[in-house]
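Here is a short briefing to read alongside the model on your screen. Take a moment to look it over before moving on to the notes below.

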Amino acid sequence: MNGFYEFQFYLFSLLAIASALLFVTRRNPVPAALWLVNVMFALAGLYVMLDAPFVGVIQVLVYAGAIMVVFVFVVMLLNLGRSGISDIRSLGSRLGAGAVGLALLIGLGPYPVSMISAASKRPRPMPPDPSDT
């Protein structure tokens with residue numbers, strides 16, 4: 001394993017663990033659902049790094065997409081949000097969220113480029129020779 005790969009692996013792992021802890025400690029269900037979506041994206045990043053891009057895409061589409069939309073819809077339908085409960089909204093938490101987003105962009109940035117360059121290096125199949133028939 002090279003150093004950059006290990007850095008990304010530990011970054012996504014730490015992001016998943018921190019987001020899961022924030023998910024569990026939120027009192028309001030909507031921010032908790034958003035932290036759970038963040039956990040799903042971090043897990044998808046780990047799946048992609050483990051050479052399972054299909055599982056990563058399914059993780060995002062099924063869990064972060066469909067199930068979280070249904071969860072937020074049910075929360076809004078039941079009106080579980082209470083005006084007295086507030087989550088952390090300080091400048092530090094916003095800067096932390098921005099740093100996490102930037103880390104995700106930096107971590108996932110080289111992956112599409114490496115996929116494109118790997119696809120261009122594959123040998124192209126030769127067309128069948130008409131004289132062989």
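This is a predicted model: local features need pLDDT of at least 70, side-chain atom pairs count only at pLDDT 80 or more; totals for chains, interfaces and linings use all residues.

Residues are numbered from 1 along each chain as its sequence is written, and side-chain values use heavy atoms, with hydrogens and water left out.

**Overall fold**

- The protein has 5 helices and 0 strands, where helices (H or I, at least four residues) and strands (E, at least two) are DSSP runs numbered from the N terminus.
- Along the sequence this reads as α-α-α-α-α.
- Of its 133 residues, 22% count as buried; buried means under 20% relative accessible area, exposed over 50%, and partly exposed in between (1.4 Å probe, protein chains only).
- Among contacts (heavy atoms within 4.5 Å) with a separation of 6 or more, 64% are between residues 24 or more positions apart.
- The accessible surface (Shrake-Rupley method, 1.4 Å probe, only the protein chains shown counting as cover for residues) is about 9700 Å², and 73% of that belongs to carbon and sulfur atoms.

- The 23 residues of helix 1 should span 33 Å at 1.5 Å a residue, and its end C-alpha atoms are 33 Å apart, which agrees; the expected span is 1.5 Å times one less than the number of residues.
- Buried residues in helix 1 (residues 3–25) include Gln8, Phe12, Ser13 and Ala16.
- Leu15 counts as buried because its relative accessibility is 10%.
- Leaving aside residues up to four places away in sequence, Leu15 touches Asn38, Ala42, Val100 and Leu104.

**Nonpolar surface patch**

- A nonpolar patch of about 800 Å² includes Tyr47, Phe54, Ile58 and Val62.
- Patch residues have over 30% relative accessible area and no salt bridge; like charges are joined within 9 Å, and nonpolar side chains (Val, Leu, Ile, Met, Phe, Trp, Tyr) within 5 Å.
- A salt bridge is a side-chain nitrogen of Lys or Arg within 4 Å of a carboxyl oxygen of Asp or Glu.
- Helix 3 (residues 53–78) gives the most to this patch, with 8 residues.
- Val62 lies in helix 3 and, at 36% relative accessibility, counts as partly exposed.
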